[in-house]
Amino acid sequence: VRYPPCSYALWLRINSTSSSSCAKPFKRFPYLVNRAMAALPATSTSASVLRPLGVAQTSVYGDKDYYVLDAALDVHLGLACVVTSDRRIRVYHAERLSHVQDIVGRHTATITDIVIPEPHIVYTCQEDVGVLISDLRMPEPVQYLTELQRSANGYSISVAANHTLSGGGGGGASDLAVAAGGDIHIVDTRTFQSACFLESVHTEDITRMRYTHPGVMLTGSDDLMLNVVATRVGDSDMLLSSSQFSESLSRITVLPPALGVALAVGACETAVAVPFPAGIDGIVAQIANQTSVPKKQRQSIDVPDFAMEKRFPRPTSKSYVVDWICAGGGAAAPETWMLVGEYGDMGEGADDDTAADEAQAADFTARSRAGATTSALRMQQFDLLTAAFTGSPVTLQAGIHTGVVRCALGAPDGRFVTAGEDGTLAIWRLGDQNDGTDSSRSSASEGKVTAGGAHHAARRRAAAPY
């Protein structure tokens, strides 16, 4: 296990001198952050202001306030699937933000993760480890996996695209990985039966995991470790790399394997770039082939060292990292951007459970209901080769989101979608400089474009993986 000297020393100091560290479950505003590492570029004056192509509101149920928990984009069909706090999936046309349909009726707990591995097919995971497979052409889920339900807490799922259970060739099946506590269950999508069990990948609940290469997975957990695991090596998993991150992961952005890097965001708003050695998928295939050989005849395979991940904490205590965005540049070599938000007039808060902190949260909730708050957003391009930010920041038009933005989905054509805890959904396009936004506002959500809903920054860890 590699410990970055600077960040780990500060992590030890924070945890030894304070009863509340930034790595604990996200229950209030994440104000404390490790600032000893190289920070993101500070806000600078820029004439580039991006205006939205359309704005929609997901809260269309009268006086009830529903906020966005997660989202996924079907690039092939141009559909955005938004998970809301009322246990439903709202499907929008990603170009016009016109409402297509709702998928409801079978979710029995809060939806904690959503992935779209192929056109039309949507996988969602719940807190009770129930997994639903939905078809966007149908109003209800088509498959419900309950074998793991209530066995542990479930916060993340992942699907390995184009990776057959035999290690390649034929079948066209995929591996569905389901996190249950600190364990990972691998399910064969041809029969939806358990194919492999990876025990104790983490010592605490896994909060986020994604396949980065065929048979290779990046995982983050409440045990504050960042692990790279080979998932198809016989009856056991193989830990390829493990490092102390001091935060649980809330977002993972998967890039084409040829780029050799994965991007993630922690629960305390620290962004991270995780590099992979060249040919890692071939090495994992060699390891998998050894499982058919008797143990005494197996050959040792050297796994190359993983380079140290690079971390980017938020620049100020009033800012937060939303997510990495891959928008523009094409599917093979997408342009990578980081989206950063500002809390605006939310003010500085306490990290402990104090009455003042709760009162401040209630005050901000009331002001956000009245539309009296704003959440400023800016983004800057990130060079994967040099692992540094380039160019000038691009500012997104203010006033579109009245609460914290939690989701950002990018497309190869330069469009990207943002969704926030105020229930607002907005679509943007890099380089677009439309004058005014009233004429471009979409009549989405059954023709109802409403004011922002309540801000839910004080919701408990059990309500969402971040």
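A residue is called buried when its relative accessible area is under 20%. The views below show a predicted model, and each legend applies that term in the sense just given.

**View 1. Residue I287 in helix α2.**
Helix α2 covers residues 280-290, and I287 is found in this helix. I287 has a relative accessible area of 11%, and is therefore buried.

**View 2. The open sheet from β19 to β22.**
In which order do the four strands of this sheet stand? The order is β19-β20-β21-β22, the pairing is antiparallel, and the sheet is open. Strands β19 and β22 (residues 310-312) stand at the edges; each has a single partner strand, so one side of each is left without a neighbour in the sheet. From one strand to the next, the twist averages 20°.

**View 3. The pairing of β19 with β20.**
Strand β20 comprises residues 261-266 and pairs with β19 in the antiparallel sense over five bridges. Within this pairing, I252 has A264 of β20 as its bridge partner. The hairpin of β19 and β20 has six residues between the strands, and G260 takes a positive phi near 70° in this hairpin. How much of β19 is covered? Five of its six residues are buried, and the strand is thus described as mostly covered.

**View 4. Strand β21 between its two partners.**
Strands β20 and β21 run antiparallel and are joined by five bridges. A264 in this pairing stands opposite V272 of β21. The hairpin of β20 and β21 has four residues between the strands, and here E269 takes a positive phi near 70°. Strand β21, formed by residues 271-275, also pairs with β22, in the antiparallel sense and over three bridges.

**View 5. The side chain of R251.**
R251 lies in strand β19, which spans residues 249-254. Is R251 buried or exposed? Its relative accessible area is 5%, and R251 is therefore buried. The side chain of R251 reaches the backbone oxygen of R406 at 2.9 Å.

**View 6. H401 and its contact with T418.**
H401 is placed in the loop between β26 (residues 388-396) and β27. With a relative accessible area of 1%, H401 is buried. Which side chain does the side chain of H401 contact? The side chain of H401 makes a polar contact with that of T418, at 2.8 Å.

**View 7. The largest pocket and its lining.**
The largest pocket holds about 1,500 Å³ of space. Its lining has 45 residues, of which L73, V75, I116, V254 and L255 are the closest to the centre. The elements that give two or more residues to this lining are β3 (68-74), β7 (111-118), β11 (157-160), β15 (206-213), β19, β23 (319-326) and β27 (405-410). Which element gives the most to the lining? That element is β7, with six residues.

**View 8. The open sheet from β15 to β18.**
Four strands form this open sheet, in the order β15-β16-β17-β18, and their pairing is antiparallel. The edge strands, β15 and β18 (238-244), each pair on one side only. On average, neighbouring strands of the sheet are turned by 20° against each other, with direction ignored. Strand β16 (residues 216-221) pairs with strand β17 (residues 225-230) in the antiparallel sense over five bridges. In this pairing, G220 stands opposite L226 of β17.

A disulfide is a covalent bond between the sulfur atoms of two cysteines. How many disulfides does a search of the whole structure find? The search finds zero. Of the two cysteines in this view, C81 is buried, with a relative accessible area of 0%. C326 has a relative accessible area of 16% and is therefore buried.

Terms used: Residues numbered from 1 in each chain as written. Predicted model: local features only at pLDDT ≥ 70, side-chain atom pairs only at ≥ 80, totals over all residues. Heavy atoms only, no water. Disulfide = S-S within 2.5 Å. Buried < 20%, exposed > 50% of the residue type's maximum accessible area, 1.4 Å probe, protein only. Polar contact = N/O pair within 3.5 Å; in protein donor to acceptor, adjacent residues only side chain to side chain. Pairing = 2+ DSSP bridges. Axes fitted to C-alpha atoms, helices over the stretch in contact; angles between N-to-C directions. 1 Å grid on protein atoms, 1.4 Å probe; cavity = no way out; pocket = protein on both sides within 12 Å on 5 of 7 lines; lining within 4 Å. Points joined across faces, edges and corners; volume = space filled by probe spheres on them.
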